[in-house]
Amino acid sequence: MGEPEFKQSGWTLDALLPAREGEPFETMMAEMEQQVGLFEESRERLSPEIDSDEFLELIRLYESIGVALRRLSGYAHLWFSEDTQSQDALGFLGQMEELVTDVQNRLLFFPLWWKGLDPASADRLIAISGDYAYYLESLRRFKPYTLSEPEEKLINLKDVNGPSALVKLYEMITNRFSFSLDVDGEVKEMTRGELSVHFRDPSPETRAAAYQELFRVYREQDLVLAQIYFHLVRDWASENVALRGFDSPVAVRNLSNDIPDPVIETLLNVCRKNTTVFQRYFQLKARWLGVERLRRYDVYAPLRASDKSYSYEEGANMVLDSLTQFSSTLGENARRVFADGHIDAEIRAGKRSGAFCAGLLPGVTPWVLLNYVGKADDVLTMAHELGHAIHALMAGDHSLFTYHSSLPLAETASVFSEMLLNDRLLDEEDDPVVRRDLLARILDNAYATIARQAYFVLFELEAHRCIVEGATAGELCGVYEENLHEQFGDSVEVSDDFRWEWTAIPHIYGTPFYCYAYSFGHLLVLALYRQYKKQGASFVPRYHRVLAYGGSQSPEHIVSEAGFDMASPDFWQGGFDVLRGMLDELEAL
Ligand SMILES: [Zn+2]
C-alpha cells in the first residue's frame, strides 16, 4: 500500500476484473462454468446423512462460485454507475444480470434442499460449519415462505424482466433528468446531485427554486413514475403476501434483517413520539433565520451565509485525522481506500448521483462513489462512505455470506464516522456562533436520517396497504401529504409541490422498507457514542468487535454485545435523549 493520493479522479476496477473481454476474462468465465458443473454433479450426494467434510467442501465450492459472480456483477454495476448513459456499460450489466440469474437457477437446488432438510440433520451440519453457521441458519428462516423449486425458478426468471426491469427503467428515466437553475444570474444545467446542493443554499429564493425545479422535472413524468411504483408494490404483495404467506409486506424486510416485527413497530412508534424534538428544533431554526415559520424549503438552510468550501485534499485529511484520533485501526483502513485508488469522487454528466460504498468481497478494498463539490456536507458524506468501507474491511475475515452486516447495522460505522468528524470540528471551535452552526448541522442530519427515513417507512406501510386496495396516484399523494403533516405539525409550512416527493425517493422503489435501517443505525450510533463519551478509550476495542462481526451474528446478538436491548423502547428513547440534550444546549446559547 503506497501513500494515499488525494486526487479527485475516477476509480480503478482492476481488483475485480483485469479486463471485461479477451483471454483473462474468457478463462475466468470458463473456470466458473467448470465449478458450476462440478457443483451440479454433487446434487445426488445431498442427503440428510451427508458427511460433514463433504458438506463443508460443497459450501466452499458454492462460495467460490459466489465470489466469481460477485466480481462480474460488481464490475458491471460499478461501471454502469460511472456512466449511466453508456450503452456498452448497460449492455454488459444486462448480460451479467442474466448470467447471475442463470447460475443462481442452476444452483437453486442447494438452498432449497438445505431449507427443506429436517431440523436434526440441519443442526448437526450447522454445528460443524464454523463461520457459515449464521448464514445457514438465516436461509432456514425463510423456510416457511419458500415455494417449490419450479415455482422459485419461475419467479427468478420472471423477476429479471419484471420488477428488476421496472427498477432499472426507473433509474434510467430519473438519472437522465436534467435540471436548470439560476445561479448568480446565470442559468445552469445540472444533475440531481448538483441541484440538491442548493437545498442548502444560503439564499431562501435559491432553495425554493431548487426544490421547485426538482419537482417540475419529476412532475413531467409523474404518472409514469407512479405507475412503476404501483406495479412494484403490487408485485411485492402478490409474491410475498399472497404466494409466500408473509403476514405483511414489511415482514419480508424484517425477516431478511432478522429483526422481530415488534422491534420495528417499537422503533417506528418511538420515532413518531419524538417527532416533536425536530419540530422544536425547526421553530428554533426559524427564529435564527429571522422568519415566523420555516418553509419546507428551509429545513436544511445553513445558519450562516457561509460559502466555506473544502478542497478535496482538505476534506480527506479532516476525515482521516478524525478517524485516526479515535483509533489508528480506523484511520489505516480508511487510508487504504485512497491508496488503492478505489474512490470515484469526480463530478461528471451521466455519473450516478449521490454517494455509496460497495464492499463486494471479503478482504478486497471496497469502492466508494462520491459527487464531491466541496461543501461541509460533502466532507461529512466522505466520512460516512469511508465508515462503510472501514466496516467492510474490519469484517474481512468472514465468508462471502457472513461478511456484510444486515441492513439495520449497515449504517453503524458510517454514522459513527460522521459523529467523529463532527466531534473533532466542535473540539476545535471556541466561537459560540460556529459551535451553534455545528450542533445545528448534527440536528439537521439527525432529522434527515432518523425522522425523515422513519416517515418514509410509515408512508410505505400505508402505500402498500392502499395500493392493493385500489388507490389512485392522486390518493397516494394525499397519503403522503398527511404523512408530512404529522411529521412537521405546525412547525413547518409544506407547500403543495411536496405531494409528489415520493416519486423522487429511489429506495422505496428499489428496496422497499429499507429506510428504517437508517433510523435504526443512527439511533444505535447515538447510544454507542454516549458510551464512548462515558468510557473513553476502553470503549474502542468493544466498538472494533461490533464492526468485526460483520453479518456473522444476528443484530440482536451484536447489539447486546454493545450492551443494549433493542426490544426496549427505552433504548431507542436514549438516542433521542442525546438529541434533546443538544437541543437544550442550542436553546440556551
Ligand atoms: Zn450509508
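His384 and Glu411 are both buried (under 20% relative accessible area, with exposed meaning over 50% and partly exposed in between; 1.4 Å probe, protein chains only). The model is predicted, so local features require pLDDT of at least 70 and side-chain atom pairs count only at pLDDT 80 or more, whereas totals for chains, interfaces and linings use all residues. Residues are numbered from 1 along each chain as its sequence is written, and side-chain values use heavy atoms, with hydrogens and water left out.

His384 belongs to helix H17 (residues 376–394) and Glu411 to the loop between helix H18 (407–410) and helix H19 (412–427), so the pair ties together parts that are 27 residues apart in sequence. Helices (H or I, at least four residues) and strands (E, at least two) are DSSP runs, numbered from the N terminus.

The structure holds 32 salt bridges, each defined as a side-chain nitrogen of Lys or Arg within 4 Å of a carboxyl oxygen of Asp or Glu. One of them joins Glu239 to Arg244 at 3.0 Å, N to O; Glu239 is buried at a relative accessible area of 14%, and Arg244 counts as buried at 14% relative accessibility. In the salt bridge between Arg499 and Glu481, the closest N and O atoms are 3.4 Å apart. This pair links distant parts of the chain, with Arg499 in the loop between strand E7 (492–493) and helix H22 (506–510) and Glu481 in helix H21 (residues 473–488), 18 residues apart. Arg499 is partly exposed at 25% relative accessibility, as is Glu481 with a relative accessible area of 33%. Glu33, Glu40, Asp102 and Arg106 are linked in a network of salt bridges.

A search of the whole structure finds 56 aromatic pairs, in which rings of Phe, Tyr and Trp (its six-membered ring) have centres within 6.5 Å; planes under 30 degrees apart count as stacked, over 60 as edge-to-face and the rest as tilted. The rings of Phe25 and Phe92 form a tilted pair, because their centres are 6.2 Å apart and their planes lie at 50°. Phe25 in helix H1 (residues 23–41) and Phe92 in helix H3 (residues 87–107) are 67 residues apart, and both are buried.
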